[in-house]
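Please look at the structure first, and then follow the points below, topic by topic.

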Amino acid sequence: MHELSIAQEIVNIVNQYLPENGNNSVRSVKVAVGKLSNILPDSLEFCFEAITTNSNLHGAKLEIEKIPLTVQCGDCNEKSDLEETIFVCPNCGGFNLQILSGRELNVIEIELDEN
Ligand SMILES: [Zn+2]
């Protein structure tokens with residue numbers, strides 16, 4: 001399952017950033033997910049919860065911020081957000097599009113419980 005490997009990846013990243021000697025518990029993890037990554041947020045939340053239940057990340061809440069698919073047209077230079085992943089410029093109908101954002105999968109914030 002796509003989301004399961006992504007959730008595992010998020011857990012790995014979070015663990016890299018946690019202080020080594022602290023007894024910190026993680027309150028929430030915010031991730032930015034691009035539209036092109038084809039992630040179902042509900043499914044990702046479910047997988048994240050499932051794999052963190054018996055770990056140091058138990059109880060951490062996953063917050064998912066969706067990044068729109070933004071392209072720039074090479075023909076008319078217009079920047080647009082695409083609702084569908086159909087690569088046609090909404091302004092001029094051109095196909096000469098460059099992807100500016102929408103492929104991201106970034107952990108952007110980790111909130112710790114302060115003990
Ligand atoms: Zn265009």
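The face of α2 turned away from its buried side carries the exposed residues D42 and A50, where exposed means that 12 or fewer other C-beta atoms, placed from the backbone, lie within 10 Å of a residue's own, buried means 20 or more, and partly exposed lies in between. This is a predicted model, in which local features need pLDDT of at least 70 and side-chain atom pairs count only at pLDDT 80 or more, while totals for chains, interfaces and linings use all residues. Residues are numbered from 1 along each chain as its sequence is written.

**Helix α2**
- Helices (H or I, at least four residues) and strands (E, at least two) are DSSP runs, numbered from the N terminus.
- L44, C47, F48 and T52 are the buried residues named in α2.
- Because the buried residues of α2 fall within an arc of 115° when seen down its axis, judged by the directions from the helix axis to the C-beta atoms, they line one face of the helix.
- These buried residues pack against α1 (2-17) and β2 (61-67), with contact meaning C-beta atoms, placed from the backbone, within 7 Å.
- F48 touches A7, I10 and L62, leaving aside residues up to four places away in sequence.

**The sheet**
- Three strands form an open sheet in the order β2-β1-β6, with mixed pairing, where two strands pair if DSSP finds at least two bridges between them.
- β2 and β6 (105-113) stand at the edges with a single partner strand each, so one side of each has no neighbour in the sheet.
- β1 and β2 pair in the parallel sense over seven bridges.

Terms used
Two residues are in contact if their C-beta atoms, placed from the backbone, lie within 7 Å.
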